[in-house]
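Please read the following dialogue with the structure in view.

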Amino acid sequence: GGGGGGETPTDSRTLTTNYFPNSLGSLINYEGRTSTAGTLTDRFFNALTVEGPALVNGISVTVLSESNPENDGYAVQLYYDFAVDAITDRGNNDPTDTITPQLIPYQLVRFPMATGSSFVQLNKTGLTWDTDEDGDTIPETFDVYSVVTLSGFETLTLNGVDFADTARLVTASTITVHFSAGGSETLTGTQTLWCAPDYGPLKRSVTIAGETTVEEAVGMKGSFGTVGLMPQFVPLTDLAPADQINLTPEIPGRPAIASDGTNFLIVSSKTDDLGTTTLVGTILNPSGVAVTTPSEFEIATGGSNRAAAIYNGYNYVVIYEDGGQIYGQIVQPDGTILLGTPQLVSSGANNYLPVIALDDILNRALIVWVKFQNYDVTTGTYFYDLYETLIDIQNPSTIQILRSEASLLGVQAGDQNEPAVAFDGTNYMVVWREFQSSGGTVASGSDIYGIRVEGNNGTTLGSAFSVSTAPLGQGAPQIAFDGANYFAAWEDLRNSQYDIYGTRITPAGSLIDGPADTGGLAINTATGIIKAFPSVTFDGTNYLVAWASGDPNTSPNILNCGIFANRVSLAGELLDGTETSLGQAISEPPSTPFGYIYPVIYSNGTQSLVVWPENLASTPTTTNYENLHGLMIWPQ
């Protein structure tokens, strides 16, 4: 005979305490976005950190902190009572919050909970509202009713990572405000919270009065380790006022980063209101905390607005320009300056923009820089060429010149500028921006070229080759090596707007991602936004490309501005959104459309560090100085 029907299977999973881990130091970093009627109105970051146990009003609680709840701009401590059967809210330290003290204690969640189960969280009447809504100086009162329901379990995907068995908790709330002059108004709201076992609350969506705020985890730290983007911090302060009107980011200019495998050295120039420049540095541990006292130390009096740095296994080698000459200085891992007199690297005058790459096999390094050659009074154009030298740094306390200053390409008819260099284990690869006619701009038709340099003696291998000769112009190239191939990234105008493109290059100098005139990988082509100052590093698995975005419109949308990034796989695939999206936000929106500039990203194989200057001022003043911001990225 036939079989009969059966009962609908039930979900045997339940919500337990491991969905809310609370060990000391646990952290979740969220990117928040607020929308009204589908239009983005706010973008921010907010970090939730477990600070540890405390005694509040005679009750043992666990203190959690939110760095920027509701994007209010200030941090708040939360007091939670974690028990085996429930988590109870015991208040906070926000002196402006008059509502929570009337509600506590109340349960945020209960254990265990099965799919479909619910409980009444709040049911209170006659409470005092925090605003005089009708303006008669008599406080309004309000009633609140809320129910928490476990609606089910699902797989939550964030940044390409799947979190299985994620619980979805829905809290439905109704607030009725009674006006002292008569009448009332009812507000309804819904909060959905996604919590993953062992990770905690990874996503929250709150909708009230037509406005929705969604916060999604972009980084976290706990018993599982550290992954993703950590909260932003300020490693160096009061550097110099950059020019946001003329968009000249050369004060303080592009910072430099190097790492000893654990800690990071950050180098930047610091210019006071009298125009005196000092090259300064700080050394950070993996949490972004300075390991030196004081945290900021002087590397050189004078010093360029674009330094470069490497770590040679013993010490850091910092290369910089001062007075038209290129110098080298050695910095020990504890911040001690080793050379009493900086090592002169260049000869002659008018040398600028040095870059350096380490040969960690022979403990040598190739330094490349730009030399001003001539100014044509008739045409009003400048002539620049690329120069190089090879140094030996086997002795931890000296810099020995192995190859005297030499022209990298010989005297060229065009204008060579903005070099970048990387090492592949045998030879170096140098890329640069070249104008076919001197004195041009990216918009007037510059291209990206490259050349190989022999690792043993610093001589060039073969001829220069085209990296990108796409229509209009390309500039600001950067390059990294992944152990098999190079990856170059640059600014690109082929779409009649500033975009970010890149390409993979073999050690032999062959382009992998299409021909120079039409090829290349589109990393970011979001419309209506200027993308500039790319930086690239290899984290051991993928390439990380960071850039600055600004909105040039008369009425700019500041939410599109800031520092963004995207991972690129070894196969040339974008991993963090499409090329037409904004990219993964590294920063919150700046205060001005071009407020964040010159990001530099560097990986030590375990984690990556991004730093960038904040552009605050249009003219130098004694009080309006910019800071250097930083953010740690751990492998996904």
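Q: Where does Asn57 lie?
A: Asn57 is found in the loop between β3 (39–56) and β4 (59–66); helices (H or I, at least four residues) and strands (E, at least two) are DSSP runs, numbered from the N terminus. The model is a predicted one, in which local features need pLDDT of at least 70 and side-chain atom pairs count only at pLDDT 80 or more, while totals for chains, interfaces and linings use all residues. Residues are numbered from 1 along each chain as its sequence is written, and side-chain values use heavy atoms, with hydrogens and water left out.

Q: Which elements does the chain have, and how is its radius of gyration to be read?
A: The chain has one helix and 43 strands. Its radius of gyration is 28 Å, close to the 26 Å that the globule rule gives for 636 residues, so the chain is as compact as a globular protein of that length. The radius is taken over C-alpha atoms, and the globule rule is 2.2 Å times the number of residues to the power 0.38. Along its principal axes, the C-alpha trace spans about 85 × 80 × 50 Å.

Q: What share of the residues is buried?
A: Buried means under 20% relative accessible area, exposed over 50%, and partly exposed in between (1.4 Å probe, protein chains only). Of the 636 residues in the chain, 52% are buried.

Q: What share of the contacts joins residues 24 or more positions apart?
A: A contact means heavy atoms within 4.5 Å. Among contacts in the chain with a separation of 6 or more, 51% are between residues 24 or more positions apart.

Q: Which residues other than glycine have a positive phi?
A: Asn57 is one of them, with phi near 55°. This residue is exposed, with a relative accessible area of 75%. Asp165 is another, with phi near 60°. Asp165 is placed in strand β11 (residues 161–178) and is partly exposed, at 33% relative accessibility.

Q: Is Asp359 buried or exposed, and what does it touch?
A: Asp359 is buried, because its relative accessible area is 2%. Its place is in strand β25 (residues 351–359). Not counting residues up to four places away in sequence, Asp359 touches Arg364, Ala365, Phe423, Tyr428 and Gly455. Asp359 and Asn312 are 47 residues apart in sequence and 8.6 Å apart in space, C-alpha to C-alpha. The side chain of Asp359 also reaches the backbone nitrogen of Leu362 at 3.1 Å. A polar contact is a pair of N or O atoms within 3.5 Å; within protein, one must be able to donate a hydrogen and the other to accept it, and residues adjacent in sequence count only if both atoms are side-chain atoms.

Q: How many aromatic pairs are found?
A: Rings of Phe, Tyr and Trp (its six-membered ring) pair if their centres lie within 6.5 Å; planes under 30 degrees apart count as stacked, over 60 as edge-to-face and the rest as tilted. A search of the whole structure finds 16 such pairs. One of them joins Phe163 and Tyr199 edge-to-face, at 5.1 Å centre to centre and 80° between the planes. This pair links distant parts of the chain, 36 residues apart: Phe163 is in strand β11, and Tyr199 is in the loop between β12 (184–196) and β13 (200–208). Phe163 is buried at 9% relative accessible area, whereas Tyr199 is partly exposed at 28%. The rings of Tyr320 and Tyr327 are stacked, because their centres are 5.9 Å apart and their planes are at 25°. Ring pairs also link Phe163, Tyr199 and Phe224 into a cluster.

Q: Which charged ends sit over a ring?
A: A charge sits over a ring if NZ of Lys or CZ of Arg is within 6 Å of the ring centre and within 35 degrees of the ring normal. The charged end of Lys371 sits over the ring of Tyr387, 5.1 Å from its centre. That of Arg494 sits over the ring of Tyr501, 4.0 Å from its centre.
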